[in-house]
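Have a go at each task before you read the solution.

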Amino acid sequence: MMDKFVVVNENKTAYRVIDDEAVVVNLENSTFHVLNPVASYIWQMAEKKIQVKDIVKKVSEEFDVDFETAREDCLEFIIKSSDENLLILC
Amino acid sequence: MGKVPRVISLSIGGEAVKIRSKDREFIEQTKFRYAEFISSSVRSCAVIDVEIGVSEDFGLPFSQASDGPEVKFDCAKEEWTINWMGLYGRWNIHTKRGWMLSRPGPSGFNSFLRFVFSLNLAAKNGGLIHASSLIKKGQTYIFPGKSGAGKSTVARLSPDAILLSDDISLVKKGRSGFSAYGNPFWGELNVGGENEAAPIKGIYFLVKDTKNYLDILSPAQALRRLLPNVVFFARDRAFSRRLFNFCVDLTADIPAYNLHFVPDSSFWRCLDDG
């Protein structure tokens with residue numbers, strides 16, 4: 001159902017990827033988050049607007065996991081990050 | 001109180017600042033408190049005018065917030081304000097002119113000075129870190145940690161090292177990399193740092209333990225551990241972005257470790273070996 005939703009990083013964040021892990025700072029409240037390699041990969045894709053289904057497809061290919069597992073993991077990260085105002089889901 | 005302001009020039013971390021006040025007692029306290037950092041240079045680029053009194057006398061809003069300072073940025077004036085527990089201050093980031101009002105006593109001015117330095121350093125790839133810092137053999141060892149982590153303990157157990165600070169480390173990036181500078185932002189030790197500077201050898205996050213050893217951290221782990229220890233007065237995007245970039249650069253350039261230590265001077269053996 002969420003496959004056609006579009007995801008993009010909030011512009012009130014800054015990040016760097018170090019050793020496959022993205023460290024993301026919410027510049028509004030100075031909270032920071034360290035992302036695992038899959039979440040870091042999603043984060044970098046969301047620098048530009050991208051549909052959820054495209055994220056899932058790329059994660060499935062990049063990390064060699066089946067589509068359903070990738071979808072579950074991606075949605076979990078995307079919804080959590082949206083709740084924390086790191087990603088915009090629209 | 002005289003009519004003509006008295007002036008003191010300070011040099012802290014290579015940054016010159018001129019302090020002006022008509023309050024003789026404040027000037028005398030400041031001369032004593034900041035003796036190590038008094039400068040004869042007349043080329044002070046930053047100026048802080050200090051008034052001693054209570055905010056009601058100046059028609060200023062008074063904040064009793066105990067959960068931290070109220071910090072605001074006025075875009076039109078390009079001016080920061082801080083209001084906290086009897087301290088009211090303004091700082092213009094471009095003209096480098098400031099004004100502050102504080103109750104009698106040294107703590108208000110010291111807080112304002114930390115505020116000003118945190119803003120100025122962020123513009124120069126520098127920052128203030130909750131950390132004690134010590135020079136040994138020409139290199140600085142930085143020991144970050146929140147209150148109770150052991151920053152002052154480490155400083156107290158190192159009588160043969162040069163103390164830069166037991167509470168706040170002033171770090172800047174120069175042509176030859178990151179260095180730490182002595183400063184008057186002291187903690188439990190109640191002793192100011194020496195006005196010295198040296199390149200940073202390593203960052204050592206303090207972990208109280210029953211034996212001494214070092215765990216090397218990856219740059220990502222180091223960044224994760226460093227960020228909560230950086231002095232963030234201002235919740236502002238541009239300012240936070242600069243500080244974040246400073247932390248990324250620092251942890252990419254300087255090796256970082258968890259220092260497991262017992263509270264005696266024997267921990268230096270694993271640092272000397274490391």
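**Exercise 1: a helix pair in chain A**

In this predicted model, α1(A) and α3(A) pack with their axes 10 Å apart, at an angle of about 65°. Your task: work out how α1(A) lies relative to α3(A), and which residues make the contact.

*Solution.* 

Step 1. Start with the angle. Angles of 65 to 115 degrees count as roughly perpendicular, so α1(A) is roughly perpendicular to α3(A).

Step 2. Now look at the hand: α1(A) and α3(A) cross in a right-handed way.

Step 3. Pick out the side chains. From α1(A) come A:A39, A:I42 and A:W43, and from α3(A) come A:C74, A:F77 and A:I78.

Step 4. Sort the contact of α1(A) with α3(A) by class: 6 residues are nonpolar, with no polar and no charged ones.

**Exercise 2: another partner for α1(A)**

Find how α1(A) and helix α2 (residues 52–62) of chain A are arranged, given that their axes come within 11 Å.

*Solution.* 

Step 1. The axes of α1(A) and α2(A) cross at roughly 135°.

Step 2. The hand of the crossing between α1(A) and α2(A) is right-handed.

Step 3. On the α1(A) side you'll find A:V38, A:Y41, A:I42 and A:M45, and they meet A:I55, A:K58, A:V59 and A:E62 of α2(A).

Step 4. Count by class: this contact of α1(A) with α2(A) has 6 nonpolar residues, no polar ones and 2 charged ones.

**Exercise 3: over to chain B**

Describe the packing of helix α4 (residues 219–226) and helix α5 (residues 237–253) of chain B.

*Solution.* 

Step 1. The angle between α4(B) and α5(B) is about 135°, and their axes are 9 Å apart. That makes α4(B) oblique to α5(B).

Step 2. The crossing of α4(B) past α5(B) is right-handed.

Step 3. α4(B) brings B:P219, B:A222, B:L223 and B:L226 to the contact, while α5(B) brings B:F244, B:C247, B:V248, B:L250 and B:T251.

Step 4. Class by class, the contact of α4(B) with α5(B) holds 8 nonpolar residues, 1 polar residue and no charged ones.

**Exercise 4: the two top pockets**

What is the volume of the largest pocket, and what is the volume of the second largest pocket? Say what lines each of them, too.

*Solution.* 

Step 1. The largest pocket comes out at about 390 Å³. Its lining has 18 residues, and those nearest the centre are B:P69, B:W84, B:R114, B:V231 and B:F233.

Step 2. In chain B, α2 (107–122) and β8 (126–136) are the elements giving two or more residues to the lining of the largest pocket. The largest share, 4 residues, is from α2(B).

Step 3. By class, the lining of the largest pocket splits into 9 nonpolar, 5 polar and 4 charged residues.

Step 4. The second largest pocket has a volume of about 280 Å³. It is lined by 14 residues, with A:L35, A:N36, A:A39, A:F77 and A:K80 nearest its centre.

Step 5. Here β4 (31–34), α1 (37–45) and α3 (67–83) of chain A each give at least two residues to the lining. The most, 5 residues, come from α3(A).

Step 6. The lining of the second largest pocket counts 7 nonpolar, 3 polar and 4 charged residues.

Key:
Residues numbered from 1 in each chain as written. Chains lettered and ligands numbered in written order. Predicted model: local features only at pLDDT ≥ 70, side-chain atom pairs only at ≥ 80, totals over all residues. Heavy atoms only, no water. 1 Å grid on protein atoms, 1.4 Å probe; cavity = no way out; pocket = protein on both sides within 12 Å on 5 of 7 lines; lining within 4 Å. Points joined across faces, edges and corners; volume = space filled by probe spheres on them. Nonpolar A, V, L, I, M, F, W, Y, C, P; charged D, E, K, R; others polar. Axes fitted to C-alpha atoms, helices over the stretch in contact; angles between N-to-C directions. Parallel < 35°, antiparallel > 145°, perpendicular 65-115°, else oblique. Left-handed = near helix turned anticlockwise from the far one by under 90°. Contact = heavy atoms within 4.5 Å.
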